[in-house]
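Reader: I have a new model open and would like to learn how to read it. Could you walk me through its features?

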Amino acid sequence: MAQTIAPVVSAAPRPDPAVAELLQSVVDTARAIFGAQASSIMLLDAAADELIFEAVSGQGQEFLVGRRFPAGRGIAGWVAASGEPMVVDDLHDSASFDRDIAESTGYVPNALMAAPLIRGDRVLGVLEVLDPSPQARSGLPELDLLGLFARQAAVALHVLTTHAPRSAPDAPDAPSRTELLRLLSEARRLLGE
């Protein structure tokens with residue numbers, strides 16, 4: 001069932017180092033969990049109506065960060081607009097796949113999984129996993145896992161960008177960025193074992 005999702009007001013021009021580290025940790029972990037060739041997070045810039053590559057792991061990681069494309073195009077655009085995850089096992093037969101965008105990135109996948117980063121009623125962006133192993137995209141449980149992982153990433157991103165105090169980073173009422181990043185690193189270490 002599709003839900004109506006309001007776009008986030010605007011993505012920040014460049015994330016601070018803690019946000020960049022968080023997003024990189026998410027894509028690295030997603031790539032490992034799903035045995036994928038690549039993974040990326042694109043954040044929605046609603047004012048410009050664009051998706052922006054903010055973190056990339058695997059294919060394209062050297063040059064895609066900061067690259068923008070229209071939010072209404074491709075599977076990532078559909079996922080951002082609908083707020084629903086999607087798995088496509090054969091992109092050659094997918095009408096939603098925008099081959100021109102893929103070719104412009106230098107990597108054209110054969111299969112992908114994508115899930116929206118949702119916080120409340122707002123789409124913050126899209127988490128994509130490109131060419132995941134066939135076992136990792138075999139059914140609804142895997143799509144649910146990607147959706148849960150994207151939701152966890154959206155919550156962490158929201159905490160880092162809106163709840164972390166700017167003037168008092170170690171205030172007793174709020175978790176510090178260092179503590180959040182430590183917890184994410186620990187989760188990543190546990191997943192790798």
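Author: Gladly! Let's begin with contacts, meaning heavy atoms within 4.5 Å. In the protein chain, 57% of the contacts between residues at least 6 apart in sequence join residues at least 24 apart. This is a predicted model: local features need pLDDT of at least 70, side-chain atom pairs count only at pLDDT 80 or more, and totals for chains, interfaces and linings use all residues. Residues are numbered from 1 along each chain as its sequence is written, and side-chain values use heavy atoms, with hydrogens and water left out.

Reader: How many helices and strands does the protein chain have?

Author: Helices (H or I, at least four residues) and strands (E, at least two) are DSSP runs, numbered from the N terminus. Here there are 5 helices and 7 strands, in the order β-α-β-β-β-α-β-α-β-β-α-α.

Reader: Is L23 buried or exposed?

Author: Buried means under 20% relative accessible area, exposed over 50%, and partly exposed in between (1.4 Å probe, protein chains only). L23 has a relative accessible area of 1%, so it is buried. L23 sits in helix α1 (residues 17-33). Beyond its neighbours within four places in sequence, L23 touches I41, L43, E54, A55 and L157.

Reader: What does the side chain of S39 reach?

Author: A polar contact is a pair of N or O atoms within 3.5 Å; within protein, one must be able to donate a hydrogen and the other to accept it, and residues adjacent in sequence count only if both atoms are side-chain atoms. The S39 side chain reaches the backbone oxygen of E128 at 3.0 Å. S39 belongs to strand β2 (residues 38-45).
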